[in-house]
Amino acid sequence: MATDDNTNTESQPVLGDQPSQVQFQQNEQQQPPPKSSLNQDEPEEEPYLDIPRHLRYWKMCIRAPLPHVYLSNESSRLALAYFIVNSITILTPPPSQRTADTPEPLISREDKKLMRKWVLHHQHPTGGFVGTSSMVFPLNGHNTYNSSGKEGTSEDEPEHHGLANISYTLFALQLLALLADEEDEDPEAAEKVFEGVNRKGTLRWLKSLQREDGSFGEALSDLPGYGRFIAGGYDMRYCYIATAIRWILRGDVREGDPGWVEDIDVERLRGYILSSQTYDRGFAGNSQDEAHAGYAYCAIAALTLLDQDDLDDPNFLLPPTPSDLLCCLDALTKEKGPQGAVEVAFNGRTNKTADTCYFWWVGGALANLGWLQGYDNDGEGPSNGQPPQKESLVDRASARRFLLTKMQHRIGGFGKSPGSPPDLYHSFFGLAVLGLLGHEGERDKLRRFDAGLAVPKDVVGVIEKARKRLVERDGLGKSEIDDGREGLVEMGLELRGGGGGGGERPKWLGECGY
Amino acid sequence: MPPKSKAATKPSKSLFPPTNPTTTTTTSIQTTSSSEPSTEPTTVLERSQQRYEKTRPFEAARQKQGGSSKLSKEDQKGWICDQLLHLTNRLPQASRSRLLGPKASKEIWWTINGTNSIDRGLTKKPKPHSTWGTDRNGHDVGSYTIERFDERIKKRTALTALLVSSRVFRENVEREKRGDLDARSGCPVIVTEREIDDERVRRSKMAALKKELYGEITGKLAGSVEWEDVVPIPHEEPEGALAAIAYPADYAEAMSYLRAVMATKEYSHRCLRLTQHIIAMNPAHYTVWLYRAACIFALKLSIPDEIEWLNEVALANLKNYQIWHHRHLLVEHYYPTIASDPEALAQFAKQERDFLIAILSEDTKNYHVWSYRSWLVGKLGMWEDQEELKSIEALIDEDVRNNSAWSHRFFLVFSNPEYSTPGKGATEADPKCPQHIVDREVQYAQQKTYLAPQNQSPWNYMRGVLVKGGQKLASVHAFVEEFVVKLGDETGEEIRSTHALDLLAEIYAEKGETEKADLCLRRLADKWDKIRAGYWNWRRQCLQSEKKAGPEQPGEEVTVA
């Protein structure tokens, strides 16, 4: 409701009467310090992440409406929600590690429940998710399917499928897992986080987004004169996202298994990814563009998610010459700062300046390759079983130092470049990369972060459990969308006198999907 | 009896604490006909309250005393009569006389007539806020002065008159659509331009009055004649919403109209204008752009016109991704219409390049623009277009570190179907690539390297060209040595480019001179590029493992061609 009020009544960023307004005001008074160093009084000390300060920043992001500058993200609110919830999760210790001094989690159990419901509200009837609640169809009970006689309308392909978007589908799934109720006594709580997700529909829709060359678009669209068409650029991001959605939902099912859904063309996708390597040994959005660290991350993480073993085989990743792979780092690793300085930053393209988010794109790519190991790396996850010679290629302490002294902002959060104000995007990536690098001491301990799925490692565990349940349910031929209706059908059957169960189900029930 | 019992229960229901702090309370009324209000009313509320007290003396007295039981016997009787009168007054004449017999009626009137009470008195006691409502600032209209209130009433009357005229206009529009005949003249109903203009004026007046009176903001669309027939679908957000954005009312309104037209798949000129309106506020909405493309294709509008409009939008929103995807769609759509006409094709290619040059001058490394440009080269077959290569050279001359320009040059030269094998990746050697092209490009990179030896772009370029041409890295050994003086000599060592040292390590490895290669990498790790020491040391390890694996292998790597 708060949102509606604001949308209707104001023309300037209104921070409303939310509790965090006070903090916004305080923050306005605090101008960014000239060098943005948080530890000017004690320069000798190794910088650390001031967790309460960052939590304060995220607190105002989660409660108050975001200021007007975020309007250009109106179509991608699920992405913003992902940055917010993910950051808060990274900063909040799991229940088992909480002590008496740990502050109350920023998102209460009740809030999580409501937020999960809100995320599910974005699901399109035929699968996939829409980026913003302002584009959810059918809208508010308005029947948008009443235009009878319109071409291209059939039961399994309702109109307005073009609203579901590949990026927001991944963000929605990640959000559902991030919003799992960790305090629930019920051991099955984690398994239930995907309840309501149309697994089969989403996977089928995902497949329909793949192009001939193996790449993925972002949405399906109807263009007059062209019919169904895959919209979106030739962009490595969509390829990565496709592999992540597939990893999250598909599971290890084989043809003939009950939960089986037709897969995307993995070989073609691999082919597309590998062909997008550039002459200077990086990756681009496609085979003809400039190497870019963001796309390198997407390419490498996609290959990781498709099959983790592939990356250990140098002949797989870069057929022409194994040395290309090593040199891909060449394009990635960059220094910034005076000669011999003990701070390391990353840029995204050759001869460009450093930016907080490239700490993630470069660091994440290296971590997927097993070349970035955190302080407390215990060998779990994708880096498991790497040959021992793969050591960290980046000096972690130097990278941490740059991030914490130059990019961190006094009000919490991270900016794009030294001295710039924090925003959701860079603040999240700053935390994500610290979650990869690990921590110095107990005071800035974060949840460990997964470089492949871009959520904390324990959330990956939640996803696996939830997927297992979804696959099992799909195997039983049950649709999760209409849980309530299904219950009614079962009740009806019982009343009908079936009693013992089985055998009594009328045939037509199956045809209706029950 | 029934009326009496009703009357008797009523007081207990309507007992409420005295509410209005602004009311000036007069001394309590002891008898039916006592105290006149002593002060002139200053606000509307006061005036009405005084009227109420005047016309309903028994009820007013009861409320002041705090219950009918506290009234005198006479007043109680009067109060009951007053209640009955007001209750029965609401009933139709027939049931009124049935309810109260003539005798009872007579008695009531007798009692009432002895007082100031009149049967048309205010039935409800006026209360702040609820009686007149609040104005646009949330203030009680009842607290207005009489003069101000009269002003407001005048405006409300004016608004009502406008609403009626507007209603008539809208009905005429409907009748015109149906083809109705005018009852008087017998001619078909026609809405004239003048009437439309009048309606426009009327709407803006109405919007202004609504805003002034009620704070109701009439959006641009709701007030426009053009959107008359569309019922906007408002955005309803469920509970638990995250990342709400404080956006202007105009945006919310425009989106509600967009939802409405999308629901019916309307592709029209007004939809096109609607997308333009939204794009001006939020140019990053992918759905809006796709809808715009659909409108253009459905209406078969001129693509060059759209591109011209798009140029402005692109220049105003340099970092936008959707604009370039839209342009891509437009050109895909336009290309078949000019594909068979080489002149038109060349003209279009020139026009596009001119714009790309202009926008790149604002941001020379804009990824979206470069990505579109490389696609355009392939689409329009601009491979042999010397202007394309020249404009890239101009950018490199301007900034030799512009890696985007270097990257485009590599694509332009080595993806030319004239001398490249389809399907060969950028990192693969291509036997179809002619020697003179390889030599020309190596030379170009070398020239540019002299300008700034530590600039990585030409080094990467040169290495890429050699691999593409299937040539040994050793073919540039002499050139690389120019940047490396007295390697390994603690006192005289001078490295003019770490990239040279890196390439030199590869050249030595290629030649099988592992020790020398190792020295290059060691010097990089220890002295010249300490920040990437981890990487250089790792390269040294690889060198050792390659050496153990056998002497042929390093050679094999580079002779793939």
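**View 1. A:N73 sits in the loop between α3 (51-63) and α4 (77-91) of chain A.** Helices are DSSP runs of H or I with at least four residues, strands are runs of E with at least two, and both are numbered from the N terminus. This is a predicted model: local features need pLDDT of at least 70, side-chain atom pairs count only at pLDDT 80 or more, and totals for chains, interfaces and linings use all residues. Residues are numbered from 1 along each chain as its sequence is written, while chains are lettered from A and ligands numbered from 1 in the order in which they are written. A:N73 is buried, with 22 other C-beta atoms within 10 Å. Buried means 20 or more such atoms, exposed 12 or fewer, and partly exposed in between, with C-beta atoms placed from the backbone. Leaving out residues up to four places away in sequence, A:N73 touches A:A79, A:L80 and B:I245. A contact requires C-beta atoms, placed from the backbone, within 7 Å. A:T132 lies 59 residues from A:N73 along the chain, and their C-alpha atoms are 9.2 Å apart.

**View 2. A:A454 has a positive phi of about 55° although it is not a glycine.** Most residues other than glycine have a negative phi. The loop between α15 (424-437) and α16 (457-475) of chain A holds A:A454. A:A454 is buried, with 24 other C-beta atoms within 10 Å.

**View 3. B:A243, not a glycine, has a positive phi near 55°.** B:A243 is in the loop between α8 (193-214) and α9 (249-263) of chain B. Here 25 other C-beta atoms lie within 10 Å, so B:A243 is buried.

**View 4. Helices α21 (residues 498-511) and α22 (residues 514-528) of chain B pack at about 155°, with axes 7 Å apart.** Axes are lines fitted to C-alpha atoms, for helices over the stretch in contact; angles run from 0 to 180 degrees between N-to-C directions. The pair α21(B) and α22(B) is therefore roughly antiparallel, a label for angles over 145 degrees. Contacting residues include B:L501, B:L504 and B:Y508 in α21(B), and B:A517, B:L521 and B:W528 in α22(B).

View 5. B:V44, B:L45, B:E46, B:Q49, B:Q50 and B:E53 are buried in α2(B). These buried residues pack against α3 (57-65) and α7 (146-178) of chain B.

Terms used:
Angles under 35 degrees count as roughly parallel, over 145 as roughly antiparallel, 65 to 115 as roughly perpendicular and the rest as oblique. Two residues are in contact if their C-beta atoms, placed from the backbone, lie within 7 Å.
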